[in-house]
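I would like to walk through the packing of one protein chain, so please keep the picture in view while I talk.

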Amino acid sequence: MNPVAYVNGSYLPLSEAKVSVLDRGFLFADGIYEVSAVLDGKLIDNDAHLARLQRSVGEIALALPEPIARIKEIQQEIIRRSGLVDGMVYIEVTRGAGPRDFAFPKEATPTLVMFPMEKDIVNAPSAKTGIAVITVPDIRWERRDIKSIGLLAQVLAKQAAAEAGCQEAWMVQDGVITEGGSSSVFILTPDHVLLTRPNSNAILPGCTRKAVLALADEQKLRIEERAFTVAEALAAQEAFITSASAFVQPVVRIDGQPVAGGKPGPIAARLREIYIGFARATAE
C-alpha cells in the first residue's frame, strides 16, 4: 500500500500530510473522529459510522466541512489511490485553526483529515486464540457517547493493558463495566443470555455492536441490555468485544483469571463469522 491522505481538499502522501499547530484539535482536542473498516477494498458498515460522525459533530456544535455524500467519495478515493485492500479509513474533523482561546473562534474553517490504515482484520490470530483484558477505573468525562478525539484516558488504560501483557482494557465505574478502551463489551451468562450495556451518555454507541446485536437477534439469541459487573463477566459462559478494527473477538482472561476455561466460545465464533458475512454482503 502507498498511503494517501486527504487534508482540507488536497490528496497527498501520508508522510507529507500536515495541519496547523494552531488547529484546535491539536490545542484542545476540539474535534470528532471515526474509523470505518475496509474489506477487499470496500467500506464496511460505513453508513452507520458516518451517521455517528454527523451526530457527534452536532453534539459539539461543529459543522461538517463537506456533506456526508462527499465524505464517502473521499473515503473511496483514498482507498483507490492508496491501493488499500484490508484495513481502515480514519476520519477526523476539528473546529479548525485560530487564536488559542477556549471560546469557539468566530471565523475558523473546520479541518477535515482522512487517511488509510492497513490491517488484516479477518485473519487476526487473536480471533482464534482470544484476548486478555485488564480492568481499570473509568476516569473519562460524562459525554462518552460523543466520539471525541480527547482520548487520553483511553491511552492510559490501553497502555496499562499493554504493560500487563493484555490486548484491551475494560473500564469500570460504580462497580460495573462501562466499555473497552476502544471496544464494546459483551458477555454470555450461564443461563445463555447475551448481555451488553445499554446505550446512554456513559458509553459510545458502537456501530459494530449495533450490527452484532441485530445479527444475534436474527440467530434467536436471548439479549438483555443492562450493566454487569466484573464478577458476572468472570462467571460468564463467554465474553467478547466488538469494534470496527476487531469485528468480534473473544475474551479469554480478565485480570489474569480465565473466562470459561480460558478458551474462545462458540457464540463469539459464530457471531464473528456471520458479521464478516454481513460485512462482505453489504460493503460498498
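Let me begin with a definition: a helix axis here is a line fitted to the C-alpha atoms over the stretch in contact, and angles run from 0 to 180 degrees between N-to-C directions. Helices (H or I, at least four residues) and strands (E, at least two) are DSSP runs, numbered from the N terminus. What you see is a predicted model, in which local features need pLDDT of at least 70 and side-chain atom pairs count only at pLDDT 80 or more, while totals for chains, interfaces and linings use all residues. Residues are numbered from 1 along each chain as its sequence is written, and side-chain values use heavy atoms, with hydrogens and water left out.

With that in place, look at helix α6, residues 207-218, and helix α8, residues 266-282, whose axes come within 10 Å and cross at roughly 110°. That makes α6 roughly perpendicular to α8, a label used for angles of 65 to 115 degrees, with under 35 counted as roughly parallel, over 145 as roughly antiparallel and the rest as oblique. Contact means heavy atoms within 4.5 Å, and on that basis T208, A211, V212, L215 and A216 of α6 meet L271, I274, Y275 and F278 of α8.

Now, which residues have the most contacts inside the largest nonpolar core? A nonpolar core is a set of buried Ala, Val, Leu, Ile, Met, Phe, Trp, Tyr and Cys residues joined through side-chain atoms within 4.5 Å; buried means under 20% relative accessible area, exposed means over 50%, and partly exposed lies in between, with a 1.4 Å probe and protein chains only. The largest such core has 30 residues, and those with the most contacts inside it are I44, L194, F240, F247, L271 and Y275. Elements giving two or more residues to this core include β3 (31-39), β5 (87-94) and β14 (247-254), but its largest share, 7 residues, comes from α8. Leaving aside residues up to four places away in sequence, L194 touches, among others, F186, A216, F240 and L271. A second, separate core of 17 residues includes I131, F228, A236 and I254.

Turning to the aromatic rings, a search of the whole structure finds 7 aromatic pairs, where rings of Phe, Tyr and Trp (its six-membered ring) pair if their centres lie within 6.5 Å, and planes under 30 degrees apart count as stacked, over 60 as edge-to-face and the rest as tilted. F28 and F102 form a tilted pair, 4.9 Å centre to centre with 50° between the planes. F28 lies in helix α1 (residues 24-28) and F102 in the loop between β5 and β6 (111-118), so the pair ties together parts that are 74 residues apart in sequence. F102 counts as exposed, because its relative accessibility is 63%.

The rings of F186 and F240, in turn, have centres 4.9 Å apart and planes at 10°, so this pair is stacked. It links strand β10, which holds F186, with strand β13 (residues 238-243), which holds F240, the two residues being 54 apart in the chain. F186 counts as buried at 0% relative accessibility, and F240 counts as buried at 0% as well.

Finally, T242 also lies in strand β13 and, at 1% relative accessibility, counts as buried. Its contacts, again not counting residues up to four places away in sequence, include F186, T208, V212 and F247.
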